[in-house]
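This report describes the fold and selected local features of one protein model. The sequence and the structure are shown first, and the description follows.

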Amino acid sequence: MMQLSDSDFNRLVRFMHDNYGINLKQKRLLINSRLSATLKAQGYNSFKEFVDELLRGKDKDLVELVLNKLTTNYTYFMREKEHYKFFSEVILPDITARNEKKKILSIWSAGCSTGEEPYNISMCIKEYLGAQASAWDTRVLATDISQRVLAEAKDPAYELPVDIPPAWRTRYFVKRTDGSGLYTVTPEIRRNVIFRTFNLMDPIHFKLKFDVIFCRNVMIYFDQPTKDALIQRFYNVTNPGGYLLIGHSENISKDSAYHMLRPATFRKE
């Protein structure tokens, strides 16, 4: 196994934090165990050689490699069901009433991974609006830093989710034609999601401000100052009365400008 020197460890930690917000200060053993065999297989003779090339910034695949090895893209349909229930029963009635004239909903799935979250959001919207859905622009912006997971999200191949209501499985899922036995989501649901590559450390300059931002189980990799700065950027691009939903295992500072409605659910007053 390759040995990670103090210098290379510190350079890698600083690079990932400064550019992607990811805090690896306590992950030295993880870095060593998860990267060393892969780097050797790819022809690197040392961590120094790899970190040198990573920091030169000319090969984006190296960042993807680190992200894939050291972070988790674990997600599934109806994850944290309480959020979807509150979204359907409270948030959607509120934001559709406020946007009745222009008939546009602006929703962002930040850190969307392989697409289950934005597709799930789209299903909730379709269920709520029913026959009126075609009169609205409800497209969900779904972003992630990883090109790999976005490619999977755009061409989804899922096990039929057991936590989805039975009627939804029939309504929103179809078996793929590749013989895999896996399922994709219907074209209507796929069309309702716009996938983009986006680094949450970058300034947020999208066309519209958001009625709802979902950023769940993403900030577990960030230290508190990084989280605080991101939450402030979210706040700045949230419409008055808009919502932020984070993971139930996450937290934001008590002095955040958002008002907490319930655990992991916040509103811009």
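Which residue is the bridge partner of M260 in β9? The bridge partner of M260 is F266.

## Basis of the description

The model is predicted: local features require pLDDT of at least 70 and side-chain atom pairs count only at pLDDT 80 or more, whereas totals for chains, interfaces and linings use all residues. Residues are numbered from 1 along each chain as its sequence is written, and side-chain values use heavy atoms, with hydrogens and water left out.

Helices (H or I, at least four residues) and strands (E, at least two) are DSSP runs, numbered from the N terminus. Two strands pair if DSSP finds at least two bridges between them.

## The sheet and its edges

An open sheet is formed by seven strands with mixed pairing, in the order β5-β2-β1-β6-β7-β9-β8. Strands β5 (193-197) and β8 (259-262) are the edge strands, each pairing on one side only. From one strand to the next, the twist averages 20°; axes are lines fitted to C-alpha atoms, for helices over the stretch in contact, and angles run from 0 to 180 degrees between N-to-C directions.

## Strand β6 and its neighbours

Strand β6 (residues 210-215) runs parallel to β1 (residues 107-110), to which three bridges join it. I107 has V212 as its bridge partner in β6, and W108 has I213. Strand β7 (residues 238-246) also pairs with β6 in the parallel sense, over five bridges; here F210 stands opposite T238.

Six of the six residues of β6 are buried, so the strand is largely enclosed by the rest of the structure. Buried denotes under 20% relative accessible area, exposed over 50%, and partly exposed in between (1.4 Å probe, protein chains only). Together with helix α10 (residues 224-236), β6 and β7 make a right-handed β-α-β unit. A crossover is right-handed if, with the strands pointing away from the viewer, the path from the first strand over the helix to the second runs clockwise.

Helix α7 (residues 147-154) lies across β2 and β5, and runs at about 165° to β5.

## Aromatic pairs and a charge over a ring

There are 16 aromatic pairs. Rings of Phe, Tyr and Trp (its six-membered ring) pair if their centres lie within 6.5 Å; planes under 30 degrees apart count as stacked, over 60 as edge-to-face and the rest as tilted. One of these pairs is F15 and Y20, edge-to-face at 6.0 Å centre to centre with 65° between the planes; both residues are buried.

The rings of W108 and F198 have centres 5.9 Å apart and planes at 70°, so this pair is also edge-to-face. Because W108 lies in strand β1 and F198 in the loop between β5 and β6, the pair ties together parts that are 90 residues apart in sequence. Elsewhere, the charged end of K268 sits over the ring of Y235, 4.5 Å from its centre; the criterion is NZ of Lys or CZ of Arg within 6 Å of the ring centre and within 35 degrees of the ring normal.

## Buried loop residues

Most residues other than glycine have a negative phi. M78, in the loop between α4 (60-70) and α5 (81-98), has a positive phi of about 65° and is buried at 12% relative accessibility. N217, in the loop between β6 and α10, has a positive phi near 60° and is buried with a relative accessible area of 15%.

T186 is found in the loop between β4 (183-185) and α9 (187-191), where T186 is buried with a relative accessible area of 10%. Not counting residues up to four places away in sequence, T186 touches R171, Y172, F173 and V174.

Definitions and conventions. Contact means heavy atoms within 4.5 Å.
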